[in-house]
Amino acid sequence: MTNNQTLKAYLLLLPGLLPIIAFMSLVVGMAVSQSIGFFNFSGADQFSIQSWREILSQDQFWRAFLYSARTATLSAILSVLLAYPIALWLRRPFPGSDLISAMIKAPILVHGLVAAFLFVNFISFQGFLNVALVNLGFTASPMRMQNDTYAIGVVILQVWKNMPFAFLIIVGSVRAIGDDILDAARGLGAGWLARLRRIILPLTLRSLQAALVLIFIVAAGDYSFQAVAGPTSVNSLAQFMVRTQADNGANGWNEAAVVAVMLMGLSLFGSLIVAGLTQLAVRRMRR
Amino acid sequence: MLKKVALLMLATALPMAIFNTKAEAKDLSQMNWEEIVAQAKAEGRVNWFHWYFQDRFREQVKDFEAEYGIKVTIPDGDGKANMDKMLAERSRAEGDIDAISLGGAALQTFKSDELLYGPLKPLLPEGTKLRYAIEGVDNKGYAPAFWGNQTGIAYNPARVSADELPHTLDEFVAFMKKNPGELGFNVENGGSGPAFIESVTRAIVKDIDYTQGASSPEKLAKLAPAWAWFKESRDGYIITASNADSVTRLNDGEFKIIAAWEDQIAGLQRKGEISKDIKLYIPSFGFPGGGNVIGIPANAKHKAAALVFINWLTSAKTQAKFAKTFGIAPQHPDADSSVGLIPAADRKFSTAWSAKPFGDEIKKAFTGQVLQN
């Protein structure tokens with residue numbers, strides 16, 4: 001490719017790239033500036049690391065940080081673990097496979113908040129599940145499952161909502177693996193596990209990583225699932241950010257901006273770590 | 001030639017700008033009430049940014065529209081979005097918001113003298129009768145209260161009789177021991193649970209002046225006995241997700257008692273969303289009452305109309321009507337306050353919210369010391 005052609009390629013990218021870069025820079029720049037004392041709605045606009053000191057010294061912030069990291073990791077891994085075998089199963093079309101594929105994607109059409117409220121109604125004290133358990137004689141009285149301490153409800157909702165995305169990303173790369181390669185491996189004596197470890201997983205690694213990264217970022221920034229169905233004894237980072245803004249009067253905006261920057265950091269580095277570890281795991285499995 | 005045109009335009013525009021500023025200054029602070037009303041009618045409309053019961057308020061303001069011929073527009077939107085809009089528009093010469101409802105404590109989160117027009121106290125005909133210090137925050141006359149709400153304990157008579165209800169702290173301990181998990185209150189998303197936390201704290205820790213908003217680590221350390229009380233009773237209560245969650249679960253029969261707002265219960269009962277049997281009382285150790293205020297953004301386009309609207313909204317007649325319709329505690333001293341869910345005899349147990357920011361610190365300390373510890 002000549003220099004002229006390379007330049008043309010970059011110029012063609014510009015209309016798409018510029019708005020993305022502009023909006024990203026605006027958001028990140030605003031959050032970072034506010035976290036260091038600028039855009040102050042209630043005090044002097046000047047450089048200060050007071051908000052950083054205030055937030056990073058709080059146990060509750062670190063609890064929220066670790067909680068978000070944990071639920072995001074768990075949600076990403078479980079979503080991919082569920083989506084992967086289904087994608088493999090639907091690799092070759094069969095009667096009814098399109099219907100199954102469409103049903104798997106259905107949660108994409110339902111807003112997360114709607115799903116969260118439906119879920120809470122389903123598991124609530126007088127909800128369908130409890131009524132069924134009591135009437136079938138499994139329990140003597142209804143169980144309290146709403147806003148459970150271990151965030152099982154949140155992870156269920158995250159997996160329900162994000163598994164279709166993982167499926168969409170993975171199914172394309174699984175279908176792209178040619179039968180010739182798999183037949184050749186089979187011919188050379190590779191069993192199903194060896195074919196999965198040494199051929200399918202390495203060839204679908206990039207899509208696995210993409211699915212993990214996307215789901216991790218979505219789940220790390222979750223507010224709605226956590227606010228409706230999450231434990232009341234711990235906040236997600238997004239929830240903590242809103243609470244910080246609302247609870248801290250004059251300094252609320254600037255302290256919330258610190259949480260926002262840390263949330264962006266978690267999304268960036270957390271997803272990179274998850275993707276890196278997946279690569280390591282797949283490489284080890286190849287051996 | 002272009003230079004000449006530009007100079008001519010500048011020469012025309014500058015005096016007009018000065019004239020406009022002077023005219024506005026006269027309109028807003030130097031007119032008598034009749035002139036303000038005439039100006040309001042000339043403006044013809046008010047955009048009231050309000051965050052709850054919008055559909056029902058659209059009905060209520062028809063009386064005002066009929067009386068003054070001023071159209072009131074109430075857009076949909078939550079409180080935070082409205083406040084964010086006001087903050088985002090603060091640099092515009094004229095914003096979209098003419099009047100904005102705010103929680104009583106919200107004014108501590110921004111510079112009200114810069115963002116709001118006023119003070120309104122000297123401009124309103126009955127301004128001196130109205131309330132400006134609410135939920136522990138004194139807004140210095142910028143935003144009068146138009147909505148009073150009382151917190152208390154709501155109970156489901158289908159599950160608990162009036163004789164079993166706890167009224168003192170000791171009775172609450174006994175109730176929770178006898179009925180573990182039957183008391184629900186929220187910490188986030190609403191003030192009813194924080195009202196319960198504050199009430200218990202004030203009943204246990206008495207050597208603090210709760211009318212002083214200043215907070216310090218020493219002052220917060222004194223609250224330790226209250227946190228010990230909550231920790232010892234941890235199996236006795238359930239933390240709910242919000243005000244609404246508490247009410248829903250009480251109505252469903254999951255809880256016997258919850259911390260609740262009087263106006264919220266009354267509003268839901270009148271809409272038929274919860275049982276009309278649910279009742280409310282104030283325990284003898286006191287529960288705080290608060291409310292919402294209304295202000296005019298400094299860059300409001302229809303300031304006179306907004307002022308006339310606020311005068312109507314805070315009048316004794318409108319407040320008495322709101323008490324009947326919404327179950328609020330009226331904020332005009334001449335309004336009839338005998339209508340309400342809470343028995344009149346319990347009203348004496350109503351307390352003022354602890355002054356901010358210390359009042360907020362109580363909830364934050366509960367979260368840190370009891371809930372997330």
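**Exercise 1.** How far apart do the end C-alpha atoms of residues 199–221 of chain A lie, and what percentage of the span is helix?

Solution. The model is predicted. Step 1: take the end C-alpha atoms of residues 199–221 of chain A; they lie 34 Å apart. Step 2: read the secondary structure of the span, which is 91% helix and 0% strand. Step 3: take residues 12–32 of chain A in the same way. Their end C-alpha atoms are 31 Å apart, and that span is 100% helix and 0% strand. Step 4: turn to the record. An unreviewed UniProt entry annotates residues 12–32 and 199–221 of chain A, among others, as "transmembrane region".

**Exercise 2.** Describe the side of chain A that touches chain B.

Solution. Step 1: count the residues. From chain A, 17 residues are in contact with 21 residues of chain B. Step 2: find the elements. Helix H3 (59–89), helix H11 (224–229) and helix H12 (237–247) of chain A each give two or more residues to this side. Step 4: note the predictor's scores for the complex, an ipTM of 0.73 and a pTM of 0.73.

**Exercise 3.** Into which domains is chain B divided, and where do they meet?

Solution. Domain 1 of chain B comprises 2–148 + 291–326, and domain 2 comprises 151–288 + 343–371. Step 2: take the centres over C-alpha atoms; 34 Å separate those of domain 1 and domain 2 of chain B. Step 3: examine the contact, to which domain 1 of chain B gives seven residues and domain 2 of chain B gives nine residues. Step 4: on the domain 1 side, four of these residues are nonpolar, two polar and one charged.

**Exercise 4.** Is B:Pro157 buried, partly exposed or exposed?

Solution. Step 1: locate B:Pro157 in the loop between strand E7 (145–155) and helix H7 (169–178) of chain B. Step 2: recall that a residue is buried at 20 or more C-beta neighbours within 10 Å and exposed at 12 or fewer. Step 3: B:Pro157 has 13 such neighbours inside 10 Å, so it counts as partly exposed. Step 4: leaving out residues up to four places away in sequence, B:Pro157 touches B:Asp277 and B:Lys279.

**Exercise 5.** Where is confidence lowest and highest in chain B?

Solution. Step 1: begin with the average. Chain B has a mean pLDDT of 88, and 92% of the residues score at least 70. Step 2: compare elements. Confidence is lowest in helix H1 (residues 2–29) of chain B, with a mean of 49, and highest in H7(B), at 97. Step 3: over residues 12–25 of chain B the pLDDT is below 50, and this stretch has zero contacts in the model beyond near neighbours in sequence. Step 4: where pLDDT is low, predicted coordinates should not be read in detail.

Key: Residues numbered from 1 in each chain as written. Chains lettered and ligands numbered in written order. Predicted model: local features only at pLDDT ≥ 70, side-chain atom pairs only at ≥ 80, totals over all residues. Contact = placed C-beta atoms within 7 Å. Helix = DSSP H or I, 4+ residues; strand = E, 2+ residues; numbered from the N terminus. UniProt positions renumbered as here; feature names shortened; annotations may be inferred. Domains from an automatic or database assignment. Nonpolar A, V, L, I, M, F, W, Y, C, P; charged D, E, K, R; others polar. pLDDT = per-residue confidence, 0-100.
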